[in-house]
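Subject: Structure handover

Hello,

Here is the structure for you to look over. My notes follow below it.

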Amino acid sequence: MAQGQQPTILLIESDTALRWVIALGLRQQEMCVIDARTPLEVAERALPQPDLLIIDVDTGIRSNWSLIEVVRAHPPFANVPIVVLSWEHAPVHVPLASDKEHSLAAATQMVYLPKPFDARVLQATIQHLLNAQAAQEAARIAKAEEALLATYTATHAPASIWPVMTAAGLLLAFIGMLLNVFFIIVGLLIVVLSVLLWTLGTQSLPSSSLEGRLLS
């Protein structure tokens with residue numbers, strides 16, 4: 001069940017009046033209730049997986065505890081927490097809803113609520129099971145994330161400094177090449193300028209000598 005979403009409760013109750021009363025009380029607690037008369041009806045309707053299942057195992061004057069196994073046989077309900085309603089005492093392995101000593105893990109799958117029961121006890125039991133289921137789901141997700149992080153850490157080596165050093169060395173070599181080209185160009189310009197000035201100075205010497213002779 002996603003956080004903030006209404007929990008979906010599947011109610012299997014053969015008594016029409018009791019089914020209506022239980023469904024009404026749960027809907028007043030802002031729960032989504034899907035009701036059915038028998039496990040066979042549930043199988044025929046192909047219902048989605050609920051967050052919790054309430055089943056009354058009383059069939060006439062006897063309790064049919066095998067109905068729980070019938071419901072569990074359907075994959076959508078295999079791991080859904082169950083609140084069992086019955087006039088008869090539950091088997092020893094099913095904890096009572098009023099038993100405050102049972103552990104959280106033991107109460108996350110099945111709880112027995114003897115009839116007649118208080119509607120407030122039923123609602124508190126449902127909330128307890130939903131909270132326990134949410135805690136288990138959160139722990140499972142946290143464990144999966146921790147395992148994924150450990151796998152990522154093991155398969156990804158820490159970043160190496162050598163690629164950065166290689167890039168820095170190439171940059172320095174490139175800068176050095178640019179500086180060499182710069183000095184070569186400056187040297188060539190000086191040579192060309194010197195030759196040009198030298199040539200112009202040599203060509204002006206004969207004109208100066210001719211002027212000296214005319215004046216004399």
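In which loop is Pro 116 found? Pro 116 sits in the loop between β7 and α4 (119-155). Helices (H or I, at least four residues) and strands (E, at least two) are DSSP runs, numbered from the N terminus. The peptide bond from Lys 115 to Pro 116 is cis, with omega near 0 degrees.

Some ground rules. This is a predicted model: local features need pLDDT of at least 70, side-chain atom pairs count only at pLDDT 80 or more, and totals for chains, interfaces and linings use all residues. Residues are numbered from 1 along each chain as its sequence is written, and side-chain values use heavy atoms, with hydrogens and water left out.

The sheet. It is open and has 5 strands in the order β2-β1-β3-β6-β7, with parallel pairing. Two strands pair if DSSP finds at least two bridges between them. β2 (32-36) and β7 (110-114) are the edge strands, and each pairs on one side only. From one strand to the next, the twist averages 20 degrees. Helix α1 (residues 16-28) packs on the sheet and touches β1 (8-12), β2, β3 (52-56) and β6. Contact here means heavy atoms within 4.5 Å. The direction of α1 makes about 170 degrees with that of β2. Axes are lines fitted to C-alpha atoms, for helices over the stretch in contact, and angles run from 0 to 180 degrees between N-to-C directions.

Strand β6. β6 (residues 82-86) pairs with β7 in the parallel sense over 5 bridges. Ile 82 has Met 110 of β7 as its bridge partner. Ser 86 has Pro 114 of β7. Ile 54 stands opposite Val 83 in β6. 5 of the 5 residues of β6 are buried (under 20% relative accessible area; exposed is over 50%, partly exposed in between; 1.4 Å probe, protein chains only). So β6 is largely enclosed by the rest of the structure. Ile 82, Val 84 and Ser 86 cover one side, Val 83 and Leu 85 the other.

Glu 30. Glu 30 lies in the loop between α1 and β2. Phi of Glu 30 is near 60 degrees, a positive value in a residue other than glycine. Most residues other than glycine have a negative phi. Glu 30 is exposed, with a relative accessible area of 59%.

Helix α5. Ile 175 is in α5 (residues 162-203). At 39% relative accessibility, Ile 175 counts as partly exposed.

Regards
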